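Please consider the structure shown here before reading the points below.

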Amino acid sequence: MTAPATLDSTPDTSATDDGGRGNGRRLGLVAGAVAVVLALLLGYAGGLLTPRLTRPGDDSVEAGFARDMTAHHAQAVEMGLMAFQRATDPEVRSMGGDIATGQQGEIGTMQTWLRSWGLDPTGSQPRMAWMADGAGLVKNGLMPGMATPEEMAKLRDAQGREFDLLFLTMMINHHLGGIHMIDGVLDESDEPDVVRTAQIMKNTQQTDLTNLTNAKKRLGG
């Protein structure tokens, strides 16, 4: 007599459980991948948008400095070119050329800033409004250290050693005023390009001041 066949009535759930866990793992991997992609996209978008959201505005310290220092530099370029063309002392002639070339290049840098910020070369703010107590430093419409129209006319008319000494005196005053303005933007700005360039400007003008002063002493001024 054969024993009756027995059937195991307990269902085998191992395949179902493995399938559930597999599906869960797959869903977890997909969700993780989506999260990574979203993070990358957000980071990319942030990298593109942040500079636009934080760029200097029309009435910012950086824009005011760029506009005012452009005008300040323009007079130095004019004086430097006169010295390069007309100075009788070779060192004075060389310094004039170096100052004109260097400051014209810096004008280009500052105008590039303004274009990259979407700003016009000229703004609605008064001269030196960007600098603490800057308005009080403007005399007869001139920023610190700038020569008056009468002084510029006198320089154009001067000849020989008189021209050399007058140029040196005027450029020393011009640089002193320029450094004061540079210190103003260094105190107020945290824009990396502006701070870096302003510090280079200051270092260059301080070196120029030493050379200009020594040349003036040598010429008996």
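Helix 5 (residues 160-188) and helix 6 (residues 192-218) have axes that come within 9 Å and cross at roughly 155°; axes are lines fitted to C-alpha atoms, for helices over the stretch in contact, and angles run from 0 to 180 degrees between N-to-C directions. This is a predicted model, in which local features need pLDDT of at least 70, side-chain atom pairs count only at pLDDT 80 or more, and totals for chains, interfaces and linings use all residues. Residues are numbered from 1 along each chain as its sequence is written, and side-chain values use heavy atoms, with hydrogens and water left out.

**Helix 5 and helix 6**
- The two helices are therefore roughly antiparallel to each other (angles over 145 degrees count as such).
- Their crossing is left-handed, that is, the near helix is turned anticlockwise from the far one by less than a right angle.
- Their contact (heavy atoms within 4.5 Å) divides into 17 nonpolar, seven polar and four charged residues.

**Helix 2 and helix 5**
- Helix 2 (residues 61-86) packs against helix 5 at an angle of about 165°, with the axes 11 Å apart.
- Helix 2 and helix 5 are therefore roughly antiparallel, and helix 2 passes helix 5 in a left-handed crossing.
- Contact residues include Phe65, Met69, His72 and Met79 of helix 2, and Phe163, Phe167, His174 and Met181 of helix 5.
- By class, this contact holds 14 nonpolar, six polar and three charged residues.

**Helix 3 and helix 6**
- The axes of helix 3 (residues 90-116) and helix 6 come within 11 Å and cross at roughly 165°, which makes helix 3 roughly antiparallel to helix 6.
- The crossing of helix 3 and helix 6 is left-handed.
- Among the residues in contact are Glu91, Gln103, Glu106 and Trp113 of helix 3, together with Asp193, Gln205, Asp208 and Arg218 of helix 6.
- The contact of helix 3 with helix 6 comprises eight nonpolar, five polar and five charged residues.

**The largest pocket**
- The largest pocket holds about 220 Å³ of space; a pocket is an open set of points on a 1 Å grid where a 1.4 Å probe fits, with protein on both sides within 12 Å along at least five of seven lines.
- It is lined by 17 residues, and Arg67, Asp68, Gly123, Gln125 and Arg127 are the closest to its centre; lining residues have an atom within 4 Å of a point.
- Helix 2 gives the largest share of the lining, four residues.
- The lining has five nonpolar, seven polar and five charged residues.

Note on methods
Points joined across faces, edges and corners; volume = space filled by probe spheres on them. Nonpolar A, V, L, I, M, F, W, Y, C, P; charged D, E, K, R; others polar. Parallel < 35°, antiparallel > 145°, perpendicular 65-115°, else oblique.
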